[in-house]
Number of protein chains: 4
Amino acid sequence: MSAIAPNPNAERRAELLATAARVFAEQGYNATTVRRIADAAGMLAGSLYYHFDSKEAMLDEILTAFLDELWACYDTVLAAGLGPRDTLGALVTQSFRQIDRHGPAVAIYQKESKHLSAQPRFAHLAGSQPKFEHAWLRTLERGVAERDFRADLDVRLVYRFVRDTVWVAASWYRPGGVHSAQEIARQYLSMVLAGITTRG
Amino acid sequence: MSAIAPNPNAERRAELLATAARVFAEQGYNATTVRRIADAAGMLAGSLYYHFDSKEAMLDEILTAFLDELWACYDTVLAAGLGPRDTLGALVTQSFRQIDRHGPAVAIYQKESKHLSAQPRFAHLAGSQPKFEHAWLRTLERGVAERDFRADLDVRLVYRFVRDTVWVAASWYRPGGVHSAQEIARQYLSMVLAGITTRG
Amino acid sequence: MSAIAPNPNAERRAELLATAARVFAEQGYNATTVRRIADAAGMLAGSLYYHFDSKEAMLDEILTAFLDELWACYDTVLAAGLGPRDTLGALVTQSFRQIDRHGPAVAIYQKESKHLSAQPRFAHLAGSQPKFEHAWLRTLERGVAERDFRADLDVRLVYRFVRDTVWVAASWYRPGGVHSAQEIARQYLSMVLAGITTRG
Amino acid sequence: MSAIAPNPNAERRAELLATAARVFAEQGYNATTVRRIADAAGMLAGSLYYHFDSKEAMLDEILTAFLDELWACYDTVLAAGLGPRDTLGALVTQSFRQIDRHGPAVAIYQKESKHLSAQPRFAHLAGSQPKFEHAWLRTLERGVAERDFRADLDVRLVYRFVRDTVWVAASWYRPGGVHSAQEIARQYLSMVLAGITTRG
DNA sequence: AATGAATGAGTTTTCATTCAT
DNA sequence: AATGAATGAAAACTCATTCAT
């Protein structure tokens with residue numbers, strides 16, 4: 001056990017969270033019983049409570065881990081000072097990378113974040129949406145201002161179009177499929193850019 | 001019970017189903033209690049069972065009504081013998097019309113159909129997906145064959161791209177917002193066509 | 001159903017609360033399962049939740065009803081402007097009347113209030129103790145000042161002596177026993193007064 | 001394992017039992033989790049099972065140790081052949097000495113013995129009550145017969161009065177407070193004797 | 001048509017206890 | 001002696017559903 005290795009506790013937690021995330025993504029959070037997660041993890045339902053406070057705590061940890069990593073990526077991209085086209089490209093690419101790494105978490109976030117954020121416990125999820133919107137919208141607006149992107153479209157609609165296009169992919173993407181996440185990102189980006197770029 | 005005066009029973013059912021659909025869409029099907037629907041309808045939970053057999057029956061009726069109307073539209077479009085571009089345009093337009101009319105039902109279908117179709121009761125939902133895929137895929141392939149649409153993209157990816165782009169709109173679209181469903185359809189179509197059409 | 005009759009809802013609740021109070025008093029709050037209360041009430045455990053939010057809510061309602069009535073009695077006594085001996089007598093008599101009417105609630109309060117009031121939900125219970133102490137202590141101090149009561153005793157000890165003597169009776173008193181609550185009050189008072197009154 | 005050096009094992013047990021008794025007294029036996037005791041002892045819940053067979057075994061040992069010592073004291077007093085007044089005095093004094101030494105155990109016994117003795121495991125606790133009653137009642141009756149104590153009171157009520165007065169003190173007495181146990185005993189006895197002694 | 005009161009199956013959660021290390 | 005990770009039984013609670021009125 002080198003200094004780099006996470007403590008076994010943390011490893012076990014991560015394993016269990018990965019299992020839980022998979023089941024949540026497949027069945028939906030509410031339709032998933034704690035027993036089912038425990039079955040998938042090869043233990044009894046009660047045993048999960050040695051590692052986690054509650055079913056909600058598991059969900060929270062899954063979503064928070066994903067969002068934290070996502071924002072680390074996005075912030076790096078946004079801080080890089082790229083032009084609008086390249087920024088857009090980097091955001092799309094990084095998003096697919098997140099889908100590749102945190103597929104189940106992304107799928108859960110897509111389906112559940114909206115009604116979850118109404119509960120105090122998950123109110124913090126609501127914070128990501130405006131940050132999200134700001135990041136993409138800023139980029140699109142810069143692109144329009146610099147005449148890279150079409151001016152005849154409502155930029156808010158374009159934002160939703162791009163956002164949805166990218167993230168919904170989490171609901172069908174499976175690592176190890178025909179195309180890599182990179183390749184999917186490339187083709188998506190090719191369509192999106194062709195769709196919103198000024199002709200000239 | 002003439003064609004002019006639908007029985008009041010049917011009207012009440014429709015009202016209640018609309019209420020249920022709204023709540024299901026907002027909270028998620030599993031997270032929605034029968035009591036909550038009853039609250040929203042101004043009655044007690046038990047009273048709903050005078051009108052419906054079960055919570056599942058409500059959901060089934062909501063989804064089936066939507067799918068029936070959707071397929072009626074789609075079949076008309078597909079039978080019209082239009083070219084690929086116009087077929088695509090009509091499908092997108094009709095889809096947004098459905099979102100406008102059955103917003104909550106569409107949102108529910110998006111979120112829940114995948115894991116619902118695993119249950120026998122909702123197995124029939126699974127049938128729509130291949131029909132759906134076939135309709136869009138055929139159109140896209142015809143477009144590629146006729147050199148209307150780009151050949152450098154995986155047509156299955158394009159299918160998912162277009163499908164997701166259109167349908168996920170149900171999760172944020174609200175009738176009476178800034179743009180009409182028609183206008184949103186127009187701008188989406190403009191982006192999508194620009195994205196997948198061959199340049200020339 | 002006259003205007004005086006409480007609504008059936010309230011009657012049922014009161015019945016169920018009386019049952020719950022009896023079981024709580026016999027077994028202790030924590031050792032009492034919801035199922036046991038339901039058994040005693042002739043229904044299933046889940047059915048209790050139609051009437052009450054939780055086991056804690058039942059306990060709270062039981063204790064609050066008792067304390068409210070108790071303070072109404074005490075406040076009347078204290079406002080009557082009686083001398084120390086008569087005030088003491090009235091307080092003891094009223095206390096035994098409460099024990100007679102709310103026996104189980106009193107017993108529960110005696111056993112559980114101390115550790116319950118550490119929980120936020122039951123923090124309000126803590127408020128009764130100082131009011132209690134104040135009422136009795138004031139009376140005892142007046143008695144000492146007026147040379148009715150002995151001055152050679154620590155008045156705080158006398159307070160605890162009298163308080164405990166009276167209230168612990170709730171743990172063994174059963175209505176319909178050999179002595180009425182009135183008679184017990186009379187004899188207790190006779191001992192207590194003989195114990196703390198100045199000779200002469 | 002000489003008389004001078006008790007084995008360290010026994011010392012550790014005693015420490016742990018003292019800790020457990022304190023927590024049981026504060027929170028109530030049922031409301032106390034094994035984990036809480038372990039926390040207070042600076043170990044993990046499972047580790048307690050190296051020292052004790054079960055939570056019940058701890059409680060049993062705590063109560064038995066207290067009762068054994070109590071009866072040793074009482075038996076000595078009762079065998080001394082004192083008159084009723086002195087016997088009563090000695091019993092009260094010894095009782096407060098027990099409260100001083102075994103405060104938590106006494107408090108637990110007061111609160112829990114009644115419903116515990118319904119369980120086979122703790123059936124032996126039930127044996128103390130009649131012995132107790134016999135000891136006090138005999139003394140009171142002798143006092144009445146010898147015209148030391150008032151004859152106008154129900155001697156059973158007097159018994160309960162004295163018993164409760166003394167033992168409930170365990171719920172508020174803390175060693176190191178304003179008054180020593182001895183001093184409290186003296187004042188209590190002064191009141192009780194004044195309360196039940198014939199005037200002359 | 002709707003209510004009020006229940007049912008009963010299932011869910012999350014708790015916790016005393018065990019046991020390999 | 002003590003830990004960490006489990007077990008398993010039972011607890012509180014939820015909720016779709018039923019039914020007499």
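A residue is called buried when its relative accessible area is under 20%, exposed when it is over 50%, and partly exposed in between (1.4 Å probe, protein chains only). The model is predicted, so local features need pLDDT of at least 70 and side-chain atom pairs pLDDT 80 or more, while totals for chains, interfaces and linings use all residues. Residues are numbered from 1 along each chain as written, chains are lettered from A in the order written, and side-chain values use heavy atoms, without hydrogens and water.

On that scale, A:Arg85 comes out as partly exposed because its relative accessibility is 34%. It sits in helix 5 (residues 84-116) of chain A; helices here are DSSP runs of H or I with at least four residues, numbered from the N terminus.

Now for the salt bridges, each a side-chain nitrogen of Lys or Arg within 4 Å of a carboxyl oxygen of Asp or Glu. The whole structure has 36 of them over all chains. One joins A:Glu183 to A:Arg186, at 3.1 Å from N to O. Both partners belong to helix 8 (residues 181-196) of chain A and are three residues apart, about one turn. A:Glu183 is partly exposed at 22%, and so is A:Arg186 at 48%.

In chain C, C:Arg12 pairs with C:Glu15, with the closest N and O atoms 2.8 Å apart. These two also sit about one helical turn from each other, because they are three residues apart in helix 1 (residues 8-27). Another bridge links C:Asp152 and C:Arg150 at 3.0 Å, N to O. Here C:Asp152 is partly exposed at 49%, whereas C:Arg150 is buried at 14%.
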